[in-house]
Amino acid sequence: MTTPPVFSAKWLIKSSGKLITVIVFLILDFLDNFFCIVFRILDECFEGKASPCYCEKKGEQVGDDELQLSETLYGRKNVFREMGFLGFARIWENSKKRGGVVGGEVVVNRWSDCGCESCVSWMKNGDHQKLHVVVREPSKVLCLTATIDDCMVKPTENVIFLHGFLCSSSFWTETVFPYISEPKNRNYRLFAVDLLGFGRSPKPRDCSYTLKDHIEMIEKSVIYPFALDSFHLVGHSMGCIIALALAAKHSNSVKSITLVAPPFFPTKDGGSSIALNKLAEKSLWPPLLFGSSVMTWYEHLGRCVCFLICRNHRTWEKMLKLITGKRDLHFTAMDLTRHTHHSGWHTMHNVICGGATVLDSYLTVLVKAGTKICIIHGDRDQVVPIECTINFKMKAPHSDVNILKNADHSSVIFGREKEFAQYLEHIW
């Protein structure tokens with residue numbers, strides 16, 4: 001009995017699609033090796049020394065465990081690299097401290113990074129050790145017209161907002177802050193943080209952007225200077241990982257944690273590798289997933305993209321303004337380029353992928369402490385699969401889960417700002 005033609009056609013299309021995917025990523029493997037050599041030469045020309053990369057095997061390096069580097073930095077398979085094709089000299093030697101060096105001093109800004117005023121302002125503000133933080137202080141009430149309850153002094157509540165990957169504090173200040181009700185405004189102090197390496201915060205090259213680095217900077221910039229002995233945490237996407245790490249370290253001070261689309265993966269069989277393959281699977285479709293895979297799997301191709309887009313963001317912004325006819329672009333378009341390849345690359349691997357190996361232990365601490373945890377996730381999220389929230393609920397049964405219908409990774413908040421603000425107030 002012969003197979004119906006329709007099944008043969010489907011099989012042929014599926015097989016052809018897989019073959020095309022393999023060919024495309026083989027080409028990308030080759031190009032990544034090629035640009036490794038190109039950037040080595042250019043770095044030596046412009047900075048006097050090649051910038052270190054992760055093209056060598058982890059076993060050949062020193063001190064990686066101390067730096068808490070994710071295994072995905074070295075574990076990204078590349079056919080041509082494994083074959084020894086396009087062999088090149090070592091580029092990690094004598095580079096225990098990351099960053100190019102000229103005349104014995106660390107070059108803070110790469111030649112391939114943007115050097116405009118807004119991108120390097122953090123170097124000139126006199127304090128490179130603190131993040132850019134937007135603080136919304138409690139509003140004052142005029143007691144001549146207010147009620148007695150309004151005039152009673154209540155203790156101030158603190159809330160720290162942590163944005164996701166390739167975003168900034170604007171993600172919260174432009175969406176949630178305007179919809180916080182007046183009663184809450186009187187007693188709540190809101191902190192929206194530009195995470196290390198993003199927005200207007202420092203983007204140092206001598207940093208591996210590990211979870212530890214992010215936590216320490218939040219402590220130096222918010223918790224210690226403002227003497228916060230209790231606070232709420234709100235995180236979106238990557239910000240959820242940092243929020244959980246921060247909460248576990250300050251479990252006695254955290255009053256609640258609200259997580260929006262948390263990327264939570266089981267740690268068995270290599271949590272970081274699972275996170276890498278789930279969030280950036282090598283696929284040509286959909287386009288968003290293809291872009292994520294290129295930027296996550298290919299270090300040097302990713303640097304090419306950042307060179308073309310981030311370094312020349314002012315040109316792209318002018319073009320978008322001309323095309324759209326708008327004087328001001330949406331903050332998401334602006335935030336997309338407010339990072340360096342070094343900060344984005346390391347944060348992706350050391351926080352989003354590497355964080356998968358430690359989230360279980362953080363969550364165990366919070367479960368024992370009885371910390372209030374609330375989760376919001378869209379059922380159409382194509383960036384962070386909804387199975388992450390299912391895994392989270394299994395690990396922390398006491399957490400409150402709210403699945404929003406017809407919401408994706410962004411619209412879980414965008415278009416629902418008022419409802420989300422009310423939800424937060426209910427939690428607080």
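Visitor: How many residues does α10 have, and how far does it reach from its first C-alpha to its last?

Guide: Glad you start there. This is a predicted model, so please read every value as computed from it. Helix α10 has twelve residues and reaches 17 Å from its first C-alpha to its last, close to the 16 Å expected at 1.5 Å a residue.

Visitor: And how many of the residues of α10 are buried?

Guide: The idea is to look at relative accessible area, where buried means under 20%. Eleven of the twelve residues of α10 are buried, so the helix is largely enclosed by the rest of the structure. Among the buried ones are Met238, Cys240, Ile241, Ile242, Leu244 and Leu246, along with Gly239 and several alanines, including Ala243 and Ala245.

Visitor: Let me step back. How many helices and strands does the protein chain have?

Guide: The chain has 19 helices and nine strands. Of its 428 residues, 49% count as buried. The accessible surface comes to about 21,200 Å², and 59% of that belongs to carbon and sulfur atoms.

Visitor: What share of the contacts joins residues 24 or more positions apart?

Guide: Among contacts with a separation of 6 or more, residues 24 or more positions apart account for 78%. Ser283 gives you an example of positions brought together: its C-alpha atom and that of Thr21, 262 residues apart along the chain, are separated by 6.6 Å. Ser283 lies in the loop between α11 and α12, and at 15% relative accessibility it counts as buried. Leaving out residues up to four places away in sequence, Ser283 touches Phe25, Leu289, Phe290 and Ser293.

Visitor: Now to empty space. How is it found in a model?

Guide: Rolling a probe the size of a water molecule over the atoms shows where empty space is left. Here the largest pocket has a volume of about 1,300 Å³. Of the 45 residues that line the largest pocket, the closest to its centre are Phe165, Leu166, Leu288, Ser292 and Leu336.

Visitor: Which elements give two or more residues to the lining of the largest pocket?

Guide: They are α12 (287–297), α13 (299–309), α14 (313–324), α15 (331–335) and α16 (341–353). The largest share, six residues, comes from α12. Sorted by class, this lining has 25 nonpolar, 16 polar and four charged residues.

Visitor: I see a histidine in α13. Is His300 buried or exposed?

Guide: His300, placed in helix α13, is buried, with a relative accessible area of 5%. Apart from residues up to four places away in sequence, His300 touches Asp32, Phe35, Cys36, Phe39, Cys53 and Cys55.

Visitor: How many cavities of 30 Å³ or more does a search of the whole structure find?

Guide: The search finds three. The largest cavity has a volume of about 160 Å³. Of the 20 residues lining the largest cavity, the closest to its centre are Asp113, Cys114, Lys203, His339 and Thr340. Helix α5 (residues 117–124) gives the largest share of that lining, four residues. By class, the lining of the largest cavity divides into eight nonpolar, seven polar and five charged residues.

Visitor: Which residues does Thr340 touch?

Guide: Not counting residues up to four places away in sequence, Thr340 touches Asp113, Gly197 and Lys203. You will find Thr340 in the loop between α15 and α16, and at 10% relative accessibility it counts as buried.

How values were computed: Residues numbered from 1 in each chain as written. Predicted model: local features only at pLDDT ≥ 70, side-chain atom pairs only at ≥ 80, totals over all residues. Heavy atoms only, no water. 1 Å grid on protein atoms, 1.4 Å probe; cavity = no way out; pocket = protein on both sides within 12 Å on 5 of 7 lines; lining within 4 Å. Points joined across faces, edges and corners; volume = space filled by probe spheres on them. Nonpolar A, V, L, I, M, F, W, Y, C, P; charged D, E, K, R; others polar. Buried < 20%, exposed > 50% of the residue type's maximum accessible area, 1.4 Å probe, protein only. Contact = heavy atoms within 4.5 Å. Areas by Shrake-Rupley, 256 points an atom, 1.4 Å probe, with all protein chains shown as cover. Expected span 1.5 Å × (residues − 1).
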